[in-house]
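Please look at the sequence and the 3D structure shown here. The report after them goes from the whole chain down to single residues.

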Protein chains: 2
Amino acid sequence: MGEKLMRKLSSGSLDFEVYFSDKAQEMKASEIRELLKLVETSDVISLAGGLPAPETFPVETIKKITAEILNTHADKALQYGTTKGFTPLRLALADWMEKRYGIPTSKVEIMMVAGSQQALDIIGRVFINPGDIVVVEGPTYLAALNAFKYYEPEFVSIPMDDNGMMIDLLEEKLEKLRAEGKKVKFVYTVSTFQNPMGVTMSLDRRKRLVELAQEYDFLIVEDSPYSELRYSGEPIPPIKHFDDEGRVIYLGTFSKIFAPGFRLGWVAAHPHFIRKMEIAKQALDLCANPFGQVIAWKYVADGYLDEHIPRVIEFYKPRRDAMLEALEEYMPEGVKWTKPDGGMFIWVTLPEGIDTKLMMEKAVAKGVAYVPGEAFFAHRDVKNTMRLNFTYVPEEKIHEGVKRLAGVIEEEIKAIKD
Amino acid sequence: MGEKLMRKLSSGSLDFEVYFSDKAQEMKASEIRELLKLVETSDVISLAGGLPAPETFPVETIKKITAEILNTHADKALQYGTTKGFTPLRLALADWMEKRYGIPTSKVEIMMVAGSQQALDIIGRVFINPGDIVVVEGPTYLAALNAFKYYEPEFVSIPMDDNGMMIDLLEEKLEKLRAEGKKVKFVYTVSTFQNPMGVTMSLDRRKRLVELAQEYDFLIVEDSPYSELRYSGEPIPPIKHFDDEGRVIYLGTFSKIFAPGFRLGWVAAHPHFIRKMEIAKQALDLCANPFGQVIAWKYVADGYLDEHIPRVIEFYKPRRDAMLEALEEYMPEGVKWTKPDGGMFIWVTLPEGIDTKLMMEKAVAKGVAYVPGEAFFAHRDVKNTMRLNFTYVPEEKIHEGVKRLAGVIEEEIKAIKD
């Protein structure tokens, strides 16, 4: 419904705002979303999105599986399910994680969720008291900040470099907090091919993070939606792999290795944590959609997933390469960017003094869009960064988009030098 | 995972409980769920469930639609969707509600949710401040109490009779609250074929409730999952039909007229309310599953829904009749029950002094299960009631189950007389 009709309906009627809870009064629509709505309707090349390419969806496999399960498992697929999820799927995922990541099935229980976004909300609900300290990466996944914020934590943001969260800085911070008599509830990390930076936490840092968690008694929430999308370099085990005590809560999702349309993710954690999260989820939506869960079960258990991952990689690698090449070719001096081995994003840092949010209008006028970096920082204190996506747009457009963007940045650099 | 493995994993390891938020510490698994888990594994006739019969799922239609949309709309069905939901489905539902309930499309906006359970959580989040007064029916839908409770309202419970919530008692209560300088935030009602009682709020009471909402300035949350399942009597328009100001937030669901496996419901409300609920939902799970939404769109827009409803009614009516007959035939004097014109449940009231929760074990020993009524009351202050479901179990079993139950009750009545 348009703003116009909304105004018409509102005129001379209720004062709707007064009914909202105090916390709802503070909820605001994401400025970026509003901005991107405009972009979608024009012929701008958008490097702003976060969507997987529809060409990677295994449509034929889904047709086959869906027809099959409607013949053989319609009763399960169409009925309510248990809150924890469809057991054959949960077992298949546990096996898959053991094989793929070396996380013994005996060490985790799995709960299915409505995409890993829901896991973030449930984690907020189950673990965060107002004022609890939650450590995030600076920058971090925007929608995680959004999900946690409702539960009123105090965010501590740890800087990143090309090897992920700077664990030595985390340690310093932990020491300082301890001296103040404070404790961290959990560290949230997108450990592999991070959103928004594309970087991966190094093996040493992973191990050290687990040691710190024991030493300073905190939990780790490892969000790993992109780890299967590796285009170069050697795989690194998830942080969860190094977790003997059950401190790591691992989040996986089907959105990037199957299709987002099923809205299915999972939490792999110690059964004690899963049990509480299950009770919380029950009040939220009873269960994740069983229709999608039964389809996903076949997809994992019958080996389609393992077959499909290389195809997704093959599709995205040239796009990643195209963006890195274009950045190299066009970006003016003083601009830096990450060189991800996988995932969906590249992070660009402009010279100090340029505000990418203010620059956005000019970029759109020149026919290119990106996501300004500010909103990825818990304290919104960094202005000269941006996130570029390379999975949604074809190579030629990536090339042209980066070229346009470089032109805009060049002008900005000139302007601040003047 | 079994309790045994959980204990093993816990021994000598973390004290998991200490990490939970204060509110999570209070979250407990539903006793009824735990109880029913036991029942499911034995050969007890369970009248306790709340599930639709799988025989009513339109499997052939779903096969047809799914094959079709994977050929023509795979891009939409498999991709992320907007938070508000798939627009063609939202428009089709608005049309359907206009035609079916006389609610003009110009007066409502629709947001798709992960089952109406999610709408209850979002309503809690968006409207309830701790201490806000929320009026519920006594008894009311258990999972609504559960969803709202997290947001710490003060529940006021209004008694029910065969015509639904006793609006004269509500008015008295409102007057009293006004005298104390207090206001109600919203009234929650399952207006038609209520869960758990099966009764329907009369036309006069619906109109009067809307008048009271204006007079005492509160909102109405009308939860209507069962209204299409009418086996006798004349349809009554929803409360939303009488709402000129936008005070009524209407909840619908596909779970009873299509299949629960898609986990799809909707909220129909004033765009001002929808807009805030949309922002809240974004942090919860981004969007309801698009795969199910695109299927549901075809189901509504191509007329399958209207074709299917009479078949569901035809299937359930004999079961409702069978349960009413069996109650008439077997129940001892002093036992009363509702005579629903539709829905899924009958509510049974035993003589004072019988505690149906305590009686449950004996009933299970005699081979029949029900849901003790206590948990449906906000203040858990009524002990002698129970909810029976007639949609899941075939007629012969309903007959036998009610017979067994009557035997147990007869003994209990004797026992309290002694």
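What follows describes a predicted model.

## Basis of the report

Residues are numbered from 1 along each chain as its sequence is written, chains are lettered from A and ligands numbered from 1 in the order in which they are written. In this predicted model, local features need pLDDT of at least 70, side-chain atom pairs count only at pLDDT 80 or more, and totals for chains, interfaces and linings use all residues, while side-chain values use heavy atoms, with hydrogens and water left out.

## Chain A as a whole

Chain A has 15 helices and 14 strands. These are DSSP runs numbered from the N terminus: helices are H or I with at least four residues, and strands are E with at least two. Along the principal axes, the C-alpha atoms of chain A fill a box of roughly 65 × 60 × 55 Å. The radius of gyration of chain A is 22 Å, which agrees with the value near 22 Å for a compact globule of 418 residues. This radius is taken over C-alpha atoms, and the globule rule is 2.2 Å times the number of residues to the power 0.38.

Of the 418 residues of chain A, 61% are buried. Buried means under 20% relative accessible area, exposed means over 50%, and partly exposed is in between (1.4 Å probe, protein chains only). Chain A has an accessible surface of about 15,700 Å², and 51% of this belongs to carbon and sulfur atoms. Such areas come from the Shrake-Rupley method with a 1.4 Å probe; for residues, only the protein chains shown count as cover.

A contact means heavy atoms within 4.5 Å. Among contacts in chain A between residues at least 6 apart in sequence, 75% join residues at least 24 apart.

## Two copies and their interface

Two copies of a chain are related by a rotation about an axis and a shift along it.

How do the copies meet, and through what surface? Of the interface residues of chain A, 100% are also interface residues in chain B, so the copies meet through the same surface.

## Residues that touch the other chain

A:Pro260 lies in the loop between strand E8 (248–253) and strand E9 (265–269) of chain A. With a relative accessibility of 0%, A:Pro260 is buried. Leaving out residues up to four places away in sequence, its contacts include A:Pro52, A:Phe57 and A:Ser255, as well as B:Leu78, B:Gln79, B:Tyr80 and B:Pro290. A:Pro260 and A:Pro54 are 206 residues apart along the chain, and their C-alpha atoms are separated by 9.7 Å.

B:Val59 is in helix H4 (residues 59–72) of chain B. Apart from neighbours within four places in sequence, B:Val59 is in contact with A:Leu70, A:Ala74 and A:Leu78. B:Arg33 is in helix H3 (residues 31–40) of chain B and is partly exposed, at 35% relative accessibility. Not counting residues up to four places away in sequence, B:Arg33 touches A:Thr83, A:Gln282 and A:Leu286.

Is A:Val210 buried or exposed? With a relative accessible area of 6%, A:Val210 is buried. A:Val210 belongs to helix H10 (residues 203–216) of chain A. Beyond its neighbours within four places in sequence, A:Val210 has contacts with A:Ile220, A:Ile239 and A:Phe242. A:Val210 and A:Phe242 are 32 residues apart in sequence, with a C-alpha to C-alpha distance of 7.0 Å.

## Backbone exceptions

Most residues other than glycine have a negative phi, and most peptide bonds are trans. The peptide bond from A:Gly138 to A:Pro139 is cis, with omega near 10°. A:Pro139 is in the loop between strand E3 (133–138) and helix H8 (142–149) of chain A. Another cis peptide bond joins A:Asn195 and A:Pro196, with omega about 15°, and A:Pro196 lies in the loop between strand E6 (184–189) and H10 of chain A.

B:Asp217 is not a glycine, yet has a positive phi of about 55°. B:Asp217 is in the loop between helix H10 (203–216) and strand E7 (219–223) of chain B. B:Arg263 also has a positive phi, near 45°. B:Arg263 is in the loop between strand E8 (248–253) and strand E9 (265–269) of chain B, and is buried at 4% relative accessibility.
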